[in-house]
Amino acid sequence: MKRLLMILLLALLLTASVSATEDIGIDTDILEDGLSEEAGELMPDIAPTEQGSFWESAKRVFFSAFSKTGQTLKSGLRLCAMLIAISALCAIAELTPAGKRGGAITVAGALGISAAVVGTFQAMISLAVGTVEEIANYSGCLLPVMASATAMSGGFTASTALYAGTVLFVELLLQLISKLLVPAVYVFLAVSAAEASLSSDTLSEVRAFIGWLISKSLRILLYLFLAYMSVTGVISGAADAAAVKATKAAVSGMIPVVGSIISDASETLLASASLLKSSAGVFGMIAVLAICLLPFLRVGIQYLLLKVTAAVSGTVAHKSHVRLLKNCSTAMGYLLAMCGTSGLLLLISSVCFMKVVA
């Protein structure tokens, strides 16, 4: 059955133009139309049907995204100054006779730090969730193009397996983040604030468990995705390569006189589809970077600044306040991991499509 399908495909390909990859029946305009306005502004001047340098384009996207992080840096520095001021004032107040008699200042400081960071965290959580949703939406544009080009280049089994696996794991990641991990981050911050106020070992254990749950969930999902893509890519790629080889031999032997000519022409057309797969794959990877790089940098700046704030506050602030600031930076790190994982899934998938050998 597979051999018959390959013969029919080769017959259809003979009606297409060999000179241009965009003429083999795959609509690549959707790759550009599916980009948001912000991501489109970061994209270099390349087309899905043109061969370009990935690293050169990625460098342009990075510098374009980095140039748009100025406002995030300013707001992050203001937040850091506010947090250091709160921590220092609480440390000074604890040196007074009234401050030494009770823990009210510790509680007030923990509440002040929590109130100061809540606005930033709400903005960064919305940014992270929006990035994952945008990646999921763009996968609906990129994956059909890559799967079609892979199938037309001879990778029937590989295109189906890679497409199904990527769609499944991207949807799993979206549901995991929106239904479990985002609420878990809010709970993590609330428990961290309560821990700083009450100095409770039980709350410390609860907070550590929530952090473990968030980090392990992302790691397990990514490990499962890598295992699936590696296994299915190798097995299906080998099967497709054998099928294409057998089909070429069958066509060449079954049709007298012109069988070898048809076989050579089909090989040229398969190469044309492979070329489109490569160029669309590079464009798609650059587009994924354009979608997730700016949010990643914005969250990353907040993460690094909170790390610095915790380190500076450690020289003067109460240890419970320093621990709270460290937990805040850890929570920001979880958001950073969410942004990175969403983009990484689609980047790995694009590489797997491009590496399928048929």
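## Overall architecture

Read along the sequence, the protein follows the pattern α-α-α-α-α-α-α-α-α-α-α. This corresponds to eleven helices and zero strands, where helices (H or I, at least four residues) and strands (E, at least two) are DSSP runs numbered from the N terminus. The model is predicted, and local features need pLDDT of at least 70, side-chain atom pairs count only at pLDDT 80 or more, and totals for chains, interfaces and linings use all residues. Residues are numbered from 1 along each chain as its sequence is written, and side-chain values use heavy atoms, with hydrogens and water left out.

## Burial, contacts and surface

Of the 358 residues of the protein, 49% count as buried; buried means under 20% relative accessible area, exposed over 50%, and partly exposed in between (1.4 Å probe, protein chains only). Among contacts in the protein with a separation of 6 or more, 85% come from residues 24 or more positions apart, a contact being heavy atoms within 4.5 Å.

The protein exposes about 16400 Å², of which carbon and sulfur atoms supply 67%. Accessible areas come from the Shrake-Rupley method with a 1.4 Å probe, and for residues only the protein chains shown count as cover.

## Helix H8

Helix H8 covers residues 156–198, and its 43 residues should span 63 Å at 1.5 Å a residue; the expected span is 1.5 Å times one less than the number of residues. The end C-alpha atoms of H8 are 60 Å apart, which agrees.

H8 bends by about 45° at Ile177, the bend being the angle between axes fitted to the seven residues ending there and the seven starting there. Ser199 follows H8 and has a positive phi, near 55°.

## A nonpolar patch

Phe62, Phe63 and Phe66 make a nonpolar surface patch of about 320 Å². Phe66 lies in helix H4 (residues 54–66) and counts as partly exposed because its relative accessibility is 48%.

Thr72 belongs to helix H5 (residues 70–93) and is buried, with a relative accessible area of 10%. Leaving aside neighbours within four places in sequence, Thr72 is in contact with Arg298, Ile301 and Gln302.

Leu305 belongs to helix H10 (residues 259–313) and is buried at 13% relative accessible area. With the neighbours within four places in sequence left aside, Leu305 is in contact with Leu73, Gly76, Leu77 and Cys80. Leu305 and Ser329 are 24 residues apart in sequence, and their C-alpha atoms are 8.2 Å apart in space.

Terms used
Patch = residues over 30% accessible without salt bridge, like charges linked within 9 Å, V, L, I, M, F, W, Y side chains within 5 Å. Salt bridge = Lys/Arg side-chain N within 4 Å of Asp/Glu carboxyl O.
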